[in-house]
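User: Hi! Please walk me through this model, starting wherever you like.

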Amino acid sequence: MNGQPRKVIVVTDGDHIAQKAVEAVAKDLGGRCISLSAGNPTPLDGSQMVELIQMTPYDPVIVMFDDNGDFGRGRGERALEYVVKHPAIEVIGAIAVASNTRWVQGATVQYSIDKDGQIVEEAVDKEGCAEKKLQNKIYGDTVDVLNSLHIPNLIGIGDIGKMEGHDSLQDGCPITKKAVQWILERSGSHGGNNGKAASHRGTIGREQDLSQ
């Protein structure tokens, strides 16, 4: 990558369904997904994630973080903070995932994508419904740290791969896909190393994250 910082999109969800959704979207858009970052909670620490990010052949790289509802700053948030602050990483955007977790501060967002795929100037709940009463805060178990990291292009979303079927894998996870596209457009980035990854679209998965 010629010494340039790797362009990364962070996602504050990492359960099995979210993993499948993020992998499918990355493949469709010509990016990469660090499959080994998935887990409930996040199985890797920040340094391990940075190592895997640097091994991928092209940008953008989508990385998942999950606290599994742990009180306070859990594994996912600690790893997220490490990745965001690493000098070899340029985080171009973040998807703040609502899970209706209790006892959290919530992450303030200016925009969200609702379950119908509309960009709204409100927060959404777990089902992807925009609610003014949320006061522009996404409540999830791995989002509080986002308030202190000042990540550009932050967007809220409902529960990835779910939202009462509106983001199903069978339909190509259209809500998650639109969130990633929104970040790419606003950051001026393009999937698959500026479109050069089309021939690699069948090579996304756990083993590629380690070997490429």
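Analyst: Happy to! Let's start with Cys 33, which stands opposite Ile 62 in strand 3. Strands here are DSSP runs of E with at least two residues, helices are runs of H or I with at least four, and both are numbered from the N terminus. Keep in mind that this is a predicted model, where local features need pLDDT of at least 70 and side-chain atom pairs count only at pLDDT 80 or more, while totals for chains, interfaces and linings use all residues. Residues are numbered from 1 along each chain as its sequence is written, and side-chain values use heavy atoms, leaving out hydrogens and water.

User: Good to know. In which sense do strand 2 and strand 3 pair?

Analyst: Strand 2 and strand 3 are parallel, with 2 bridges between them. To count as paired, two strands need at least two bridges found by DSSP.

User: Which strands pair with strand 4?

Analyst: Strand 1 (residues 6-11) pairs with strand 4 in the parallel sense over 6 bridges, and there Val 8 faces Val 91. Strand 11 (residues 154-157) also pairs with strand 4 in the parallel sense, over 4 bridges, with Ile 95 opposite Ile 155.

User: Is strand 4 (residues 89-97) mostly covered or mostly open?

Analyst: Mostly covered: 8 of the 9 residues in strand 4 are buried. Buried means under 20% relative accessible area, exposed means over 50%, and partly exposed is in between, using a 1.4 Å probe and protein chains only.

User: Back to cysteines. How many disulfides are there?

Analyst: The count is 0, taking a disulfide as two cysteine sulfur atoms within 2.5 Å. Cys 33 is buried at 0% relative accessible area, and Cys 173 is buried with 0% as well.

User: Where is Cys 173?

Analyst: Cys 173 is in the loop between strand 11 and helix 5 (residues 174-187). Its phi is positive, near 50 degrees, though Cys 173 is not a glycine.

User: Which residues of helix 5 are buried?

Analyst: Ile 175, Thr 176, Ala 179, Val 180, Trp 182, Ile 183 and Leu 184 are buried in helix 5. The helix has 14 residues and spans 20 Å from first C-alpha to last, close to the expected 20 Å; that expectation is 1.5 Å times one less than the number of residues. Gly 188 follows helix 5 with a positive phi near 75 degrees.

User: Which other non-glycine residue has a positive phi, of about 60 degrees?

Analyst: That is Asn 136, in the loop between strand 9 (residues 130-131) and strand 10 (residues 137-138). Asn 136 is partly exposed, at 27% relative accessibility.

User: Where are the cis peptide bonds?

Analyst: One runs from Asn 40 to Pro 41, with omega near 15 degrees, and Pro 41 is in the loop between strand 2 and helix 2 (residues 46-55). Another joins Asp 59 and Pro 60, with omega about -5 degrees, and Pro 60 lies in the loop between helix 2 and strand 3.

User: New topic: which residues touch the most other members of the largest nonpolar core?

Analyst: Of its 34 residues, those are Ile 53, Val 63, Phe 65, Leu 80, Ile 138, Leu 146 and Ile 151. A nonpolar core is a set of buried Ala, Val, Leu, Ile, Met, Phe, Trp, Tyr and Cys residues joined through side-chain atoms within 4.5 Å. Elements giving two or more residues to this core include strand 1, helix 2 and strand 3. A second, separate core has 28 residues, among them Ala 21, Met 64, Ile 95 and Ile 183.

User: Last one. What does Thr 12 touch?

Analyst: Leaving out residues up to four places away in sequence, Thr 12 touches several residues, including Phe 65, Leu 80, Ile 95 and Val 97; contact means heavy atoms within 4.5 Å. Thr 12 is buried at 3% relative accessible area, and a polar atom of its side chain lies 2.9 Å from the backbone nitrogen of Val 97.

Notes:
Polar contact = N/O pair within 3.5 Å; in protein donor to acceptor, adjacent residues only side chain to side chain.
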